[in-house]
Amino acid sequence: MKKIILFLTAIGCILFFSCASRSALRKEKLADSTRKNEFLPAVDFIKKNPKLYGRNNELLYNLDIGILYHYEGMHDSSNSYLLNAINVYHDLFARSVTNEVASMLVNDNVRPYRSRPYELTFLHQVVAFNFLAFDKVHEALVETRRMQLLFDEWERKNRTDEKYTSDGMFHFLSSIVYDAAGESDNAMISLFKSVKAYKNGPVKLPSYIQNYAYNMFKLNDRESDNELLKLEPPKVQVPGVDNNISEIVFIGYSGKGPSIEEAVWSGTYVKDGLLVVHHKRPDGKRETMSLPAPPIPESELKKAEKGKKTKSGTTFHIKFALPVLKTHSSKTKAFKVHCDGYSEPFTTTVINDFDLQVAKNLEDTKAATLARTVARVVIRTITTQQTKGQLTTNNPLANILINVGTDVLADQLEKADTRSCFLLPKTVQIARIPVKPGVYTIDVAAMGGAGEVLRTKKFSNIKVGTNQKKFVFYSSFE
Amino acid sequence: MFLSKKRIICWLLPLLVVGCTTKVSRVQSDSTMDLTGRWNDTDSRLVAEEMINDCLSQRWLYKWEEENKRPTVIVGNVVNKSHEHISVETFVKNMERALLNSGKVDFVATKSEREQLRDEKADMAENASVYTAKSMGEETGADLMLIGTINTIVDQEGNKAVVFYQTNLELVEIESNRKVWIGEKKIKKYVERAKTKF
């Protein structure tokens with residue numbers, strides 16, 4: 001009886017912990033709304049179904065709602081959720097021992113979601129955007145300083161330029177905001193950091209920023225920065241090269257951003273020896289990994305020293321799951337912005353690409369994720385074998401069922417941590433339109449790859465004051 | 001068995017219920033309570049107290065007192081150059097109240113408040129009786145403007161951080177651009193966050 005209760009409890013625990021499919025359900029429900037730019041129904045859905053996030057995903061819950069409100073243009077509501085998300089991030093600084101132990105036994109989904117670094121940067125960026133929508137330049141700069149503290153901390157931890165510790169887009173936009181506040185020196189420092197971050201990061205330095213930076217450094221007697229960053233003189237003329245000019249800054253969110261899926265690896269674990277696992281890629285090719293298994297346990301070592309038979313060399317079937325990038329094809333490639341007083345439209349420049357950022361993040365975290373996963377799977381495999389031994393009965397049929405059931409349920413426990421904010425755009429794009437103080441109307445068109453117009457929007461009554469920068473946001477997730 | 005299962009449940013149940021309830025208690029508004037290490041009401045109160053004492057004791061007021069006049073002050077921008085979203089209005093309002101209650105200074109409405117008042121006067125011109133409607137162009141011009149900044153310097157490593165806040169407020173004569181008073185309050189905090197919890 002006790003064994004049956006133990007077995008049923010195990011099933012209960014496994015079913016409880018294998019609820020990682022909530023992430024998949026969220027994606028399924030929200031993807032369609034966002035593609036159609038229907039952000040408020042998506043917010044409504046999230047608010048009505050908080051259980052799809054759960055207590056461990058409080059940060060993600062706030063981030064998703066905040067981002068959707070931002071796309072909708074409800075900047076106050078957006079900031080209320082995004083600032084909540086930032087508070088949750090800081091509250092999660094202390095790691096719970098219970099959660100960490102549970103994650104070693106179950107999977108990483110039992111830990112609270114702490115966000116991925118590029119998400120956190122974008123989160124601060126959107127908070128700044130929301131303040132800029134209300135012309136609160138100094139509040140937007142608070143976000144720059146807060147993010148800089150995080151960049152400094154990431155840099156201190158990594159000590160190399162290989163991992164994501166800075167963000168070209170964030171520094172570039174900060175440079176524009178510093179310029180709007182009349183702080184030219186800080187604007188140049190941010191511009192310098194931006195070029196440096198682009199050169200070290202996954203997103204290629206856009207030629208527009210390269211040319212703009214070269215001219216701005218020259219204008220502000222910082223030609224040594226051009227030498228340090230090895231910037232070449234531009235071949236094309238860049239509009240708006242001056243300090244503190246009045247301009248309309250158009251920010252476009254284009255295409256559906258990437259998500260993180262699960263790749264299942266399976267193979268054999270030779271106890272105290274090797275893990276050999278295989279995985280079939282989406283293109284049909286087979287990948288194989290050979291990893292050293294954790295060392296022989298002390299009890300087994302003592303047996304070996306006494307010349308007794310050990311369990312080493314026993315082979316077990318294992319399965320584990322690792323997170324992988326999933327990109328989505330999108331029609332929107334760029335935006336054309338037509339402004340009063342200009343005969344030709346401005347075409348946007350890509351300043352961030354989240355397909356590349358997610359790929360970089362998975363690469364940065366691969367070693368740590370793999371080490372945790374291998375340790376977890378090995379612990380679980382040993383535990384499963386011991387459980388099978390303890391549950392053995394005199395009934396052969398029951399023994400078969402217990403053995404098969406234990407293996408199947410242990411496999412079910414293994415889930416990759418695929419949590420991420422999949423509501424991010426594929427790319428963030430910018431067009432800067434220098435204007436004289438006045439009232440303007442701009443027409444924005446989201447363009448497809450063949451130059452076709454996918455959707456349009458008119459923004460009227462944009463009042464630009466002296467030395468003021470007006471930010472306009474538009475998204476096309478098609 | 002010394003403790004039966006039922007007894008254990010009877011002991012644990014109230015504990016669980018108590019653990020799940022929200023506990024609220026009233027505390028003195030001037031008590032010092034730090035939860036996160038961020039700017040809080042205590043910092044705001046310390047800045048207000050320092051600024052009020054300093055502002056009322058400095059000699060800039062003598063000039064007006066000698067002439068038996070009260071200067072009129074307008075609150076300008078207090079720019080937040082820190083790394084936190086700080087509500088400057090809390091200590092600026094404290095200061096405004098203390099100066100006004102001292103009877104030595106008058107305040108006029110801020111830019112946004114004035115716009116609201118002008119809208120109201122425009123509305124009165126159309127809708128209120130001629131005896132009660134307030135006229136335009138009768139506003140009191142300010143003599144001085146209160147402006148300021150909040151700056152922070154943060155030095156952090158891992159779970160430890162030293163945060164230095166410097167708040168500066170200045171009174172500037174609008175006519176001559178002369179600064180007549182500069183107040184300063186520095187606050188330094190050492191914040192250590194727990195790395196782990198149960």
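Within chain B, the charged end of Lys63(B) sits over the ring of Trp64(B), 4.9 Å from its centre. Here a charge sits over a ring if NZ of Lys or CZ of Arg is within 6 Å of the ring centre and within 35 degrees of the ring normal.

## About the model

This is a predicted model, where local features need pLDDT of at least 70 and side-chain atom pairs count only at pLDDT 80 or more, while totals for chains, interfaces and linings use all residues. Residues are numbered from 1 along each chain, chains are lettered from A, and side-chain values use heavy atoms, leaving out hydrogens and water.

## Aromatic pairs

Rings of Phe, Tyr and Trp (its six-membered ring) pair if their centres lie within 6.5 Å; planes under 30 degrees apart are stacked, over 60 edge-to-face, and the rest tilted. This rule gives 24 aromatic pairs over all chains. One of them is edge-to-face: Phe250(A) and Phe335(A), 5.6 Å centre to centre with 65° between the planes. Both Phe250(A) and Phe335(A) are buried (under 20% relative accessible area, with exposed over 50% and partly exposed in between; 1.4 Å probe, protein chains only).

In chain B, the ring centres of Trp39(B) and Phe91(B) are 6.3 Å apart and the planes stand at 55°, so this pair is tilted. Trp39(B) is buried at 13% relative accessibility, and Phe91(B) is buried at 1%.

## A ring cluster

Back in chain A, ring pairs join Phe39(A), Tyr71(A), Tyr118(A), Phe122(A), Tyr253(A), Phe354(A) and Phe477(A) into a cluster.
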